[in-house]
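Dear colleague,

I am passing on the structure below, followed by notes on what was found in it. Please read them with the model open beside you.

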Amino acid sequence: MFEWKPARRMASLSSAMFSRMDALRQEVESGGVDVINLGIGSPDRPPAPHVRQALMDALARDDAYGYALTDGLIEFKSAVADWYRERFSVNLDPKTEVLSLMGSQDGLGHLGLALLDPGDIALVPDPGYPIYTAGVLLAEGVPYPLPLERERDYLPDLDAVPEDILRRAKLMILNYPSNPVAATAELDFFTRVVNFARRNNIIVLHDIAYSELAYDGYRPVSFLQAPGAKEVGIEFHSVSKSYNLAGCRLGMAVGNREVLAVLANLKSNIDYGVFKAVQWAAVAALRGPQAIVEENAGAYQRRRDVLVDGLARIGWQMDKPKASMFVWAPVPEGFASSFAFAEELLRETGVLVVPGNAFGERGEGYVRIALVVPEARLEKAVERIAKRYRFGG
């Protein structure tokens with residue numbers, strides 16, 4: 001009898017909660033319910049017309065279809081460097097300090113393989129985006145959770161990391177504006193991070209994919225704006241959220257050239273780079289009119305207000321985020337767990353949210369709500385919840 005087993009490392013990976021919620025969605029929809037899906041953080045707005053035209057024009061080019069090679073087209077890397085200079089006043093050498101990625105998740109998933117030996121420790125946010133931990137586990141590293149708590153504005157207490165952990169730690173992952181907790185960080189925090197990393201010989205990876213989805217005049221800062229940041233780390237960004245190009249799968253890693261060279265070497269062994277037409281479309285996005293970025297931020301801000309203000313009227317209080325496409329909402333009293341609440345909410349109202357423990361142990365007690373449907377659908381979601389629940393007594 002033929003028998004086989006997957007690699008042991010696969011046992012440490014899990015998308016169980018997301019799969020569980022999707023199975024529940026299908027079950028509820030099979031009963032004729034119009035589910036309002038506020039689960040996956042995928043942009044629902046289209047790219048700007050000039051970007052779509054650039055992509056169509058690129059598809060007509062005879063030279064679009066060969067291998068792009070993994071470090072990226074110089075046109076794209078130069079556009080990234082110019083954008084970083086204009087947006088953050090950060091200077092980058094496009095040849096050595098910018099690397100193209102098949103979406104930022106590509107880099108997040110592979111960086112551990114490039115930097116960690118089995119048993120090395122990586123400091124990861126808890127709650128945090130699942131790929132942060134998964135990338136460490138794939139490299140047979142050991143994730144050490146950095147607790148993110150509301151009382152500290154969801155910033156990690158770096159002084160609380162034990163000395164024996166610091167001696168084995170090689171990598172620290174941060175994410176502001178963050179997924180799932182929708183928190184932000186300021187330049188003084190990143191300055192402390194640089195000093196911490198330098199003292200302990202820890203490489204920093206900062207994920208800033210949501211920097212352009214910011215509200216009420218707030219402007220997120222880049223980790224690379226902190227003095228000395230390029231000495232100790234890199235930053236991941238993406239055109240997915242800023243320009244509504246999530247399905248095109250194009251991101252970038254920028255910063256420390258030695259770290260990027262190691263990641264580029266790894267990627268040269270496993271892929272041939274991002275489709276050239278997509279990179280040319282991204283150049284049009286980065287160099288062209290930025291009205292779509294402002295329109296996106298305005299749309300998500302209005303959605304945030306519809307949801308948070310509407311739910312506040314029925315007693316479900318939650319922080320109003322300054323950035324990201326998510327709301328991190330505490331589970332109302334009377335529910336045994338985040339999943340119990342999310343399941344009941346879906347079955348009773350047809351509104352799908354993600355239980356917070358999908359993002360780590362310290363996500364228990366919260367749900368993540370993605371602002372990925374138009375205002376009218378969010379108004380309907382609030383209306384459905386209001387018909388079924390009154391919170392806070």
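Strands β11 and β12 (residues 366-370) run antiparallel and are joined by two bridges, strands being DSSP runs of E of at least two residues and helices runs of H or I of at least four, numbered from the N terminus. Valine 354 faces arginine 368 of β12. The open sheet has three strands in the order β9-β12-β11, paired antiparallel, where pairing requires at least two DSSP bridges between two strands. Its edge strands, each pairing on one side only, are β9 (326-330) and β11 (354-355).

This is a predicted model, in which local features need pLDDT of at least 70 and side-chain atom pairs count only at pLDDT 80 or more, whereas totals for chains, interfaces and linings use all residues. Residues are numbered from 1 along each chain as its sequence is written, and side-chain values use heavy atoms, without hydrogens and water.

The structure holds 18 aromatic pairs, counted for rings of Phe, Tyr and Trp (its six-membered ring) with centres within 6.5 Å, and called stacked under 30 degrees between planes, edge-to-face over 60 and tilted for the rest. Among them, tyrosine 65 and phenylalanine 275 form a tilted pair, 5.7 Å centre to centre with 45° between the planes. Tryptophan 328 and phenylalanine 359 form an edge-to-face pair at 6.3 Å and 75°; because tryptophan 328 lies in β9 and phenylalanine 359 in the loop between β11 and β12, this pair ties together parts 31 residues apart in sequence.

Best regards
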